[in-house]
Amino acid sequence: MNLEKVIFGFFIVFAFTLNFGFFVGEIDVPHQHDVFELFAAIVVNLIATVLKFGDRTQVGAVHLATSLVADLQLIAAACIWGYAVYVSGHGMTPGVMSSVVSFSGGALMANLVSVVLLIGETLQLRR
Amino acid sequence: MPNIFFLVLRRMRAPLITLILIYAISVLGLVLIPGEDGNGQPYSMDFFHAFYFISYTATTIGFGEVPFPFTYLQRMWVVVCIYLSVIGWAYGLGTLFSILQDKRFQQAVLLARFSGAVRRLGEPFYIVCGYGQTGRRLCQVLEERGIRFVVLEPREERVTDVMLADYRFDVPAYSGDAGNPQMLQTAGILNPHCKGVLALTGDEEVNLAIAIAAYVLRPQLLSVCRAKSQAVAENMASFGANHVVNMFEAVGRRFRMALHAPQASRLWSVLSAFAGDPLPPLSQPPRGHWVVVGYGRMGHAIRAALLAEGSSVTVIDLSIPADLQAGQYVVGLGVDAHTLTLAGLEQAVGVVACTDHDANNLSAVATARQIRPSLFVVARQNASSNRVLFEAFKPDATAVRSEVVAQECLRAMVSPTLARFLELIQTRSEVWAGAVLREMEALCGDRVPESWVLTLNGQNQAACYALLLNPQPRLVLRHLLLDPQEHTLQLPCLPLLLIQGGEEVLLPPPETPLMFDARILFIGRSEAHRAQEAVINQYRLIDYVRTGVVQPQSWLFRWWAARRSQTMANGDD
């Protein structure tokens, strides 16, 4: 067993599960989507991105790309949330909430690809 | 080739993760710790404000406590955050700077830049391995001819010299072991634009390694290698298409030619010299008794040349030469009158000072001249920085190592036609060579003329047109000697050799008809070269030199000209 592999897998799966946790629920109901969960998802995603730096294989490049996509989508979701609450002053209307959640849904897809890559890579290694 | 950006990111992984964690913990703490608003009501900070606060606190900007003054608990947490973030940033920046200052990292950056510069060259180029005296001289000449090159040199300070040499174009240079095939690949040996490799390092083994690598990687590539000893030269020559320059042999060969045929030898020197240099004078070494000071490799070559031309030789050397009989040599430094007289200087016609020490050479020829002022003096100049001394002393002939090697290299690289011409002149008489020299002097005065080769092939559209599409009137050599601005004037150039259809014509007569794929070697002034390039590339000009009539260009005037010639033809009937 390799500790590096454990940490790597942990963060990728954790980013995916946190993202999923934020995403589930009615799309336009604010109280079903927790702001702490979004925060945690962003942080874990950023860490996962940094962990993928420096891998020069083709799979490594796709890994990094998916993570960058997920970061972009989640940060966009957080920005929309912040804008709605503090700048526009409308608060979390169902419309705003659904766009936040759909952005996180996009990030979820990217994270899913990342997890699939991880699993595929693992299965390729014959034991 | 590692990508520098990802190399940095890879080594920055730990500090970046630390920073992300510190930010996350600080923000989360601020959000979770209860605070009070202006009215003393419980208030808990949101993520946006927490992130805003941490961002400006961590970067030591510090706008104060927003949106409300902090409670004691919050302030305690902020103290922790401040120290955490300072540690995070110090760690991150420290790692970044240590990476950037790492010698190996800087080397990697230089290498990446070098290989990028080579890849972007996009023009034919040569790889020059070794930037010593010879390399420098050759690079200058290549620059004058507008040929690009890449420099590989093991010593770092010489690479800096390349940067400071003020060439007209950017010269990619890198300090690396040229004998390493991987290094040669980085320098672009596999690049389709690469035309040749010049192995000019001082180390013969490295030169041999370059020759082998060039032969294995690109067998068709021109590779010119400098050799010092016969064994290595033969080893290099065994690699197919290589051209080996053995400096001492080259000097010996030229010296023998000068003894044998002074006019042909001068013609050879003029055509080998670099354009714009002063014209080399006629040197006529006399036959008789010679004294050779220094019996190294060059001494061997010169002694052999002298003996072959029927002179007698006494050698002066510090050690007893193994291959000579007693009486053929004198042991000594050769700088004092005693040893020189012992070697028979009183009866000698010439002296050759060819040790590898410039001061000794100068001293030897000075003493010899004092004893016998009428001597023919040949001196070897080792360091190009001593040129002033040798010029002031005015020996009858000077052998400069870097010049000789550079000339030999250039001939091999740039013009096989010129090399062929130089072979052919050795079959001609002295009178013939003298006549060519007189014509050359009439044309270009006291400077070495430029030499160039004109090839009439598919790359020159006007040549194709005049030879294939519209072959009337027939294109003859005379047409190429006319000024395309004014056809009654001659261009300042002289055709030396015409190669076409398997025939080689020395000094071709002007009325020789030209065929497709003809190669003509010219010497003359550079404006003639430019004019000829224009003629073989523009329909209008080639028709003008062929007919002497300015052809109408536009459709209207063509129509008018056709009409007029028609009416004139009708009028004749």
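**Entry 1: what I am looking at.** I am working from a predicted model, so I keep that in mind throughout.

**Entry 2: the annotated spans of chain A.** I checked the UniProt record, an unreviewed entry, and it lists residues 7–24, 36–54, 61–84 and 96–119 of chain A under "transmembrane region". I then looked at two of these in the model. Residues 7–24 of chain A are 94% helix and 0% strand, and their end C-alpha atoms lie 26 Å apart. For residues 61–84 of chain A I found 100% helix and 0% strand, with 35 Å between the end C-alpha atoms.

**Entry 3: helix 1 against helix 4 in chain A.** I noted that helix 1 (residues 3–23) and helix 4 (residues 94–124) of chain A pack at about 150°, their axes 9 Å apart. Angles over 145 degrees count as roughly antiparallel, so that is how helix 1 and helix 4 of chain A run relative to each other. Their crossing is left-handed. On the helix 1 side I listed contact residues including A:Gly9, A:Phe16 and A:Phe23; on the helix 4 side they include A:Val101, A:Gly105 and A:Leu118. This contact divides into 13 nonpolar, six polar and no charged residues.

**Entry 4: where chain A meets chain B.** How many residues of each chain are in contact? I have 12 from chain A and 10 from chain B. Helix 2 (35–51) and helix 3 (58–88) of chain A each supply at least two residues of the side that touches chain B. Helix 2 of chain A gives the most, with seven residues. By class, I wrote down nine nonpolar, two polar and one charged for that side of chain A.

**Entry 5: the helix pair across the two chains.** I followed helix 2 of chain A to helix 2 (residues 13–32) of chain B: the axes come within 9 Å and cross at roughly 175°. The two helices are therefore roughly antiparallel. Chain A puts in A:Val43, A:Leu46, A:Ile47, A:Val50 and A:Leu51, and chain B answers with B:Arg13, B:Leu16, B:Ile17, B:Ile20 and B:Ala24.

**Entry 6: the parallel sheet of chain B.** I traced an open sheet of six strands in the order 5-4-3-6-7-8, paired in parallel. Strand 5 (173–174) and strand 8 (243–246) of chain B are the edge strands, each pairing on one side only. Strand 3 (residues 125–129) and strand 4 (residues 148–152) of chain B are joined by five bridges, and B:Phe125 has B:Arg148 as its bridge partner. Helix 9 (residues 204–217) of chain B lies across strands 3, 6 and 7, at about 165° to strand 7.

**Entry 7: the antiparallel sheet of chain B.** Which strands stand at the edges here? The order of the four strands is 15-18-16-17 in an open antiparallel sheet. Strand 15 (450–455) and strand 17 (503–506) of chain B each have a single partner strand, so one side of each is left without a neighbour in the sheet. Neighbouring strands are turned by 20° against each other on average, direction ignored. I found six bridges between strand 15 and strand 18 (residues 519–524) of chain B, with B:Glu450 opposite B:Gly524. Helix 22 (residues 526–535) of chain B lies across strands 15, 16 and 18, running at about 10° to strand 15.

Key: Residues are numbered from 1 along each chain as its sequence is written. Chains are lettered from A and ligands numbered from 1 in the order in which they are written. This is a predicted model: local features need pLDDT of at least 70, side-chain atom pairs count only at pLDDT 80 or more; totals for chains, interfaces and linings use all residues. Two residues are in contact if their C-beta atoms, placed from the backbone, lie within 7 Å. Ala, Val, Leu, Ile, Met, Phe, Trp, Tyr, Cys and Pro count as nonpolar, Asp, Glu, Lys and Arg as charged, and the others, Gly among them, as polar. Two strands pair if DSSP finds at least two bridges between them. Axes are lines fitted to C-alpha atoms, for helices over the stretch in contact, and angles run from 0 to 180 degrees between N-to-C directions. UniProt positions are given in the numbering used here, feature names are shortened, and annotations may be inferred rather than shown by experiment. Angles under 35 degrees count as roughly parallel, over 145 as roughly antiparallel, 65 to 115 as roughly perpendicular and the rest as oblique. A crossing is left-handed if the near helix is turned anticlockwise from the far one by less than a right angle, and right-handed if clockwise.
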